[in-house]
Amino acid sequence: MSRSGPDTARVAATPDADHVLPPAEAMLWAQDLVKTHRGAETATHAVRHVDLRVDRGEFVAIMGPSGAGKSTLLHLLGGLDRPDSGRIWLDGQRVDGLSEARWSLLRRRTVGIVFQFFNLVTNMTAADNVELPALLAGMSPRQARARREELFAELDLEDRARSTPAALSGGEQQRVALARALVNEPGLLLADEPTGNLDSRNTRDVLRLLARYHASGQTILLVTHDARVASGADRVISLFDGEIADDTALHAPADGPTTVADVLRLKG
Amino acid sequence: MRALLRWVRADLRAHRGQAALMVLVTAVIAVSLILANALLRDAANPWQRIFLQSRGAHVWIHVRSGADTAPLTRLDGVTGVAGPYSTASADLVRGAEKVSLELRAAGPQLPSVARPLVRSGRWLDPARSDGIVLESSLARAMRADVGGTVTVRARDGATRTMRVLGVADSADQGSYPDWTPGLGWVLPTALDRVEPDPAHIQQAIGLRLRDPGSADFTAQQAVTTLGSGQVTQVTTWQQVRSAMGQDNRLLGLLLGVFGLVALVAAALATAGAAGGRVLAQVRDIAMLKTVGFTPAQVVRLFLYEHTALALAGMALGAGAASLFGPLLPGALGEAMGVWQAEPARAGALAATGAGVVLSIALATALPAWRAGRIPAAPTVRADRPASGISRLARLALLLKLPPALALGSRAAFHRPLRAGLTVARLAIPIMMITVALGSWATLDGFQDHPRQLGLAASLTARPSGIDDAAARRLLTEQPAVAAAYPGAEIPALVPGETTTITLRALGTADHPYPFALAAGHLIRDEDEAVAGQGALNLMHAKVGEWVRVTAGGTPHILHIVGRDIEPDHNGEMLSVDLGALAGPGGTPKAQYYALVLRPGANPTAVRTDLLAASHGRLDVRPVANPAAQLGLVRVVVVGLVGVLTLIGLAELVTATASGLRDHVRDLGVLRAMGLTPRQVTAIIVTSTALLTTAAVLAGTGLGVLLSNRLINMEGQASGVGAGIARMPAPETLLMAGAVAVAVAACVSVVPATRATRARITAALSANRT
């Protein structure tokens with residue numbers, strides 16, 4: 001499987017790049033992404049000319065200190081924010097020019113997102129939070145319920161279905177958020193510091209779940225500042241001041257998925 | 001759609017109280033609009049119904065006995081003629097009660113134009129020459145039933161007992177007692193017996209027209225054709241209709257205006273509440289977008305939710321109005337009963353409902369649109385440029401006020417646009433409450449200071465069967481009577497005009513009647529007159545002008561020196577000194593005496609005393625006070641103040657919540673800096689109280705201006721005349737304002753304390769959106 005590190009990506013960003021087709025095996029392909037946050041007097045260059053490729057079934061972690069532009073990059077890739085310039089292909093489709101509404105439609109089936117602060121809809125029960133995207137994607141209430149029950153069984157949330165987010169612990173909330181992100185079986189799971197607000201036990205649980213879904217073929221792009229969390233990935237990209245500083249493969253994909261415990265042992 | 005419904009359901013469950021408040025407010029507004037609609041229809045309808053069924057005449061003309069009315073039937077546009085009928089004046093007597101009556105001679109066959117609609121009993125019968133058919137409002141007032149007898153007293157004092165054969169509706173004139181004399185039909189032979197002198201017989205002729213709008217023109221043509229000396233009275237269908245509908249229509253209009261204002265206020269409250277909810281749910285909305293809601297779907301969420309609430313409120317209101325409306329006491333209940341039987345009801349209900357729901361949907365549109373524009377990612381927003389402290393806060397610091405006050409005033413006004421909007425939204429209900437208080441004060445004015453509002457005399461006494469001197473003696477002997485002014489009223493024709501106004505001679509040169517003047521001065525000379533607004537409108541005249549009227553065949557040229565407030569007869573009154581009617585035979589006899597009582601005297605008691613002292617030879621009646629009829633307005637005012645208070649409270653809750661959201665991080669910083677929780681609470685309460693004070697000042701000021709203008713406009717339109725508006729007493733306004741500020745402070749204490757209890761770290765890490 002080819003890697004598109006910074007050097008190879010720049011080659012692709014030629015003037016007639018608009019006619020370039022993404023490689024068939026790329027789930028996500030971004031070229032020359034730029035995003036600047038402009039304040040009243042200051043401009044923060046959050047993302048500078050980033051090229052990135054995530055293949056199907058790959059688990060990629062983006063690491064970096066706070067303020068490195070990790071979350072901004074993730075938001076750009078999930079269509080939550082718009083790049084100033086650059087191109088993005090998602091599942092073979094050019095998406096950087098999509099309208100907000102088209103992005104919403106795309107996210108329903110193709111992208112699941114998990115956040116650091118869980119961001120569950122506060123008024124809705126855990127069950128409703130998970131069934132809502134399923135209904136949006138066109139499932140019948142019966143199907144949505146069946147799918148949600150299946151996920152809750154996997155995530156050990158069966159007895160929390162009627163609870164509101166406020167009544168759930170942090171770990172439970174993040175598992176509900178994970179269920180919500182996965183309910184429509186998206187091609188890509190984006191996770192923004194999913195363990196940032198959890199204690200070590202819950203962190204371990206969430207990572208184990210991510211690893212399990214990765215093992216079943218889920219493509220995952222995870223943002224974290226925690227090296228231990230990143231170590232579960234196939235590949236770790238280091239972001240510094242909005243630029244990719246390093247792109248390292250941890251395991252050959254042929255090795256198959258690894259468990260967090262393996263990684264932790266490896267890294268010492 | 002399913003996902004949308006799922007969210008709406010969850011949201012409603014989470015905000016049960018707020019949702020219930022919205023539904024309740026909408027329901028109350030729906031009820032008041034439905035009641036207004038029913039009253040308005042009821043006000044316009046009885047006449048319309050009767051007029052259609054009876055093929056009513058558009059113009060009625062009373063002429064002297066000898067006049068030839070044949071040319072009238074040939075006037076252009078006349079499609080049918082009623083009469084001419086011979087008529088005579090008489091009195092209908094029942095115990096001590098006596099009412100003036102127009103007896104109209106009719107045949108045993110019902111006419112085809114202006115046909116009386118017999119409601120009970122039967123029409124005149126040649127076999128019963130002593131039979132009489134009474135107009136239904138008169139029969140009701142006299143409690144005369146079919147089969148019973150009534151006593152008719154002729155002009156010469158002779159009495160005659162007549163049997164009531166039937167009771168009939170008629171669109172020929174307004175209902176008794178608003179319209180006098182009352183109407184009764186008898187056979188021509190009976191009329192001849194009651195009034196044997198042909199000189200006192202008049203003729204009444206009704207003209208049915210092709211174009212009802214040309215009634216005024218036709219009436220004028222008729223007067224020209226016959227000569228104004230022959231015509232004694234002209235009425236058009238418009239006058240009859242307005243006389244029949246006036247009371248309820250005024251009430252209906254009031255309810256309608258109040259309902260609409262409440263609707264606007266509720267729409268604003270909805271906009272505020274929805275806006276507040278959008279701000280409160282920025283994170284959730286961003287999340288909804290993340291999981292795949294499109295911006296249009298987010299807009300629809302809010303629109304659907306509030307429209308559903310409005311629909312629920314509307315259904316509740318319509319249900320309540322239909323179920324309980326007819327059970328309401330008085331005119332409201334009756335109107336609702338009639339309304340329910342009406343076929344047009346469904347349409348009116350649908351229109352009202354659509355209006356209410358649409359306004360609320362429109363009010364939600366802006367906040368919903370804003371919700372649609374909330375970005376999907378919780379993006380980093382550049383901090384607002386640090387706003388300097390406001391002028392008010394600077395002043396507070398300069399005056400070395402406690403920090404809570406200084407910071408509170410900064411918190412209130414540091415975002416001027418938002419503060420302005422909050423003040424405006426709060427000011428609207430306060431303004432309307434002030435208008436409602438103004439209406440209340442005006443009614444109080446009618447009741448407590450009737451003299452200033454054209455009701456100096458509270459009783460009238462009409463001598464019957466005793467001479468003038470004896471009557472005068474009886475009145476002056478009564479200690480409670482401060483003054484008795486001799487008066488006479490005759491219909492007067494205004495040249496070039498089609499309708500008659502009442503020429504009232506009241507008071508004498510050395511004993512002038514205390515008219516309540518809104519402009520000009522009192523009558524000082526015999527050719528001077530004061531006129532009510534209604535009369536001025538009819539004559540197209542202004543104070544200071546000269547007018548010519550014909551009364552009783554005699555032309556009078558009068559100088560209008562003042563406008564007085566006339567609560568009666570739609571203000572169509574031209575008042576002169578009794579001497580002005582003096583002919584060659586000297587000053588005319590007084591028809592009645594207007595009695596001004598001593599302060600504190602009870603009119604009912606005085607009336608009883610006078611009736612007893614005169615052995616029934618003085619017909620003493622209380623002067624109708626419009627405040628008595630408008631008693632229902634007070635109920636409406638109280639209800640309105642309730643609704644507006646509810647709306648104001650809803651606004652206040654929104655304002656406090658959004659204010660807190662704005663400042664939650666600042667408050668955390670302040671606490672971290674060392675302000676005590678109590679000081680922080682004080683800052684929030686001060687900020688809310690300051691905003692409310694600004695709203696009270698603006699709302700009360702505008703309200704007073706608007707109230708005076710609205711009430712005077714109403715007075716002018718109803719003929720009473722501008723100048724009746726009374727301001728709510730300053731202490732009432734002060735009290736209301738103080739209560740509003742106090743309530744606002746109390747309402748903000750709860751969320752303020754809650755905010756103070758939140759952990760400082762939580763406040764500091766709060767999302768700043």
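Reply: The part is chain A: 49% of its 268 residues count as buried (20 or more other C-beta atoms, placed from the backbone, within 10 Å of a residue's own; 12 or fewer is exposed, in between is partly exposed). The model is predicted, so local features need pLDDT of at least 70 and side-chain atom pairs count only at pLDDT 80 or more, while totals for chains, interfaces and linings use all residues. Residues are numbered from 1 along each chain as its sequence is written, and chains are lettered from A and ligands numbered from 1 in the order in which they are written.

Of the contacts in chain A between residues at least 6 apart in sequence, 69% join residues at least 24 apart; a contact puts two C-beta atoms, placed from the backbone, within 7 Å.

Confidence comes next. Chain A has a mean pLDDT of 82, with 86% of its residues at 70 or more; pLDDT is the predictor's confidence in each residue, from 0 to 100. Where pLDDT is low, the predicted coordinates should not be read in detail.

Chain A also touches chain B, and 26 residues of chain A and 25 of chain B take part. On the side of chain A, α3 (100-110) and α4 (126-136) each supply at least two residues. The largest share, six residues, comes from α3(A). By class, this side of chain A has 13 nonpolar, seven polar and six charged residues (nonpolar: Ala, Val, Leu, Ile, Met, Phe, Trp, Tyr, Cys and Pro; charged: Asp, Glu, Lys and Arg; polar: the others, Gly among them).

α4(A) packs with helix α1 (residues 2-14) of chain B at about 155 degrees, with the axes 8 Å apart; axes are lines fitted to C-alpha atoms, for helices over the stretch in contact, and angles run from 0 to 180 degrees between N-to-C directions. α4(A) and α1(B) are therefore roughly antiparallel to each other (over 145 degrees; under 35 is roughly parallel, 65 to 115 roughly perpendicular, the rest oblique). From α4(A), A:Asp128, A:Leu132, A:Leu135 and A:Leu136 meet B:Arg2, B:Ala3, B:Arg6, B:Trp7 and B:Ala10 of α1(B). These residues divide into six nonpolar, no polar and three charged.

Technical notes:
Helix = DSSP H or I, 4+ residues; strand = E, 2+ residues; numbered from the N terminus.
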